[in-house]
Amino acid sequence: EMSSELICDFSPNCLASPHQRDKSSAGDDSSTGADKPCKDRNDISVDRKGKAHREDGTDSVTRLLEMYVLSGKDYEGYNTKYMTNYYSLLLLLAEHHHEFKKRLLRHGNWTWSLSALCLGTHGCQSGPLHDTIYGGTIHHAKTNHRFRKDLIGKLLQLSADGGTRSPITQSRLETCTLQLLRTVFVSDKERSQDDGSCIRDFIESRQGGFSQLSMAVLKFHKSLDDVLAGEAAISSLVMLKGLSLSLECLFLVLDTCGINQVRSLISEWPEVNEINFVCTQLITRTAKEWEKCFGCVNSVGGKVEAMHVVNHATELQKVLASVEAVAAAEAEAEAEVE
């Protein structure tokens, strides 16, 4: 077994408590401040239960989980070279020690790292650091219900673009946030119990989950129009993937609800007419228009994503149409009674 005391010496000059992180500005989610050096290993004491503690009262696992990390463009090189190993170590320990895994997933620093280093305004979209943190998050989101519930709150939190938008609605066009949200929804639907549902948390969130997803759909759909106008700023594949995922997430939520609950949700969904209109546009888009979106006729990946977009738009519109049909039937029945 690897000693917790030895783990604490993994990265000198990097240990600090989360409350020591300062924000340099309202628009930057990087952490600043002087590095806090590790204390000498000789200050470790062991209590009667054999648990190691430092002089300040914190145990070694807590110190490990509260590694001081800096985010932002200036620290990308350092984080990729050194912090990738740190997060890999956390995942390795979590794989072999159940109690450590519980503490890791319940500690806010993991979701902070996910937000700041992967999904945030300055997060990396690829590379070993991204793959380690994001891959570990996806893995545990599939199996840990409590962790999924924590992720819902994090993904809806206004933590991007200077605290004005969430990872779902941020101005940066990326698909990892939506892929993670999809993983949470799919894993939640596979549970046999419906108590404490993550999807229900999403629906009832004060941050307006439906409106946030709608903004994501509209954001990626606008990018689709930019492609047709020759003004695209991102790759067509990213744009199609983002549109596909955001539409699928909307459908996954509505698909878990009964017809009456869907009607209730729609009555409080400000963007429902816009989303319905977007679905119609996507379903009726011509083959030539789609070809412009994925660059060339032989782009297999683009064609597949375009098919997914149309399929999800069709599924979503069927749900909305069924609600309209029920409402029309009820109105007709009431008219006959009168």
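# Cysteines, core and a helix

Visitor: Does Cys176 count as buried or exposed, at 14% relative accessibility?
Guide: This is a predicted model. The cut-off for buried is under 20% relative accessible area. Cys176 has 14% relative accessibility, so Cys176 counts as buried.

Visitor: How far is the sulfur of Cys176 from the closest cysteine sulfur?
Guide: A disulfide needs two cysteine sulfur atoms within 2.5 Å. The closest cysteine sulfur to that of Cys176 sits in Cys118. That is too far for a bond, because the distance is 7.4 Å.

Visitor: How many disulfides does the structure hold?
Guide: Take Cys124 as a test case: Cys124 is in no disulfide. Its nearest cysteine sulfur, that of Cys118, is 5.0 Å away. For the structure, the number of disulfides is zero.

Visitor: Is Cys124 buried or exposed?
Guide: Again, buried means under 20%. Cys124 has 16% relative accessibility, so Cys124 counts as buried.

Visitor: What share of the residues of the protein count as buried?
Guide: The protein has 15 helices and four strands. It has 338 residues, and the share that count as buried is 47%.

Visitor: Which residues have the most contacts inside the largest nonpolar core?
Guide: Nonpolar side chains tend to be buried together in soluble globular proteins. Here the largest nonpolar core has 81 residues. Those with the most contacts inside this core are Tyr87 and Phe185.

Visitor: Which residues does Tyr87 touch, not counting residues up to four places away in sequence?
Guide: Touching here takes heavy atoms within 4.5 Å. Leaving out residues up to four places away, Tyr87 touches Val69, Trp110, Ser113, Leu117, Leu129, Thr132 and Ile133.

Visitor: How far apart are the end C-alpha atoms of helix H13?
Guide: H13 has twelve residues, 272-283. At 1.5 Å a residue, they should span 16 Å. The computed distance agrees with that: the end C-alpha atoms are 17 Å apart.

Visitor: What arc around the axis do the buried residues of H13 cover?
Guide: The buried residues of H13 are Val272, Ile275, Asn276, Val278, Cys279 and Leu282. They lie on the same side of H13, because they cover an arc of only 160 degrees.

Visitor: Which exposed residues does the face of H13 turned away from its buried side carry?
Guide: Exposed means over 50% relative accessible area. On the face of H13 turned away from its buried side, the exposed residues are Asn273 and Phe277.

Notes. Residues are numbered from 1 along each chain as its sequence is written. This is a predicted model: local features need pLDDT of at least 70, side-chain atom pairs count only at pLDDT 80 or more; totals for chains, interfaces and linings use all residues. Side-chain values use heavy atoms; hydrogens and water are left out. Helices (H or I, at least four residues) and strands (E, at least two) are DSSP runs, numbered from the N terminus. Buried means under 20% relative accessible area, exposed over 50%, partly exposed in between (1.4 Å probe, protein chains only). A nonpolar core is a set of buried Ala, Val, Leu, Ile, Met, Phe, Trp, Tyr and Cys residues joined through side-chain atoms within 4.5 Å. The expected span of a helix is 1.5 Å times one less than its number of residues. The arc is that of the directions from the helix axis to the C-beta atoms.
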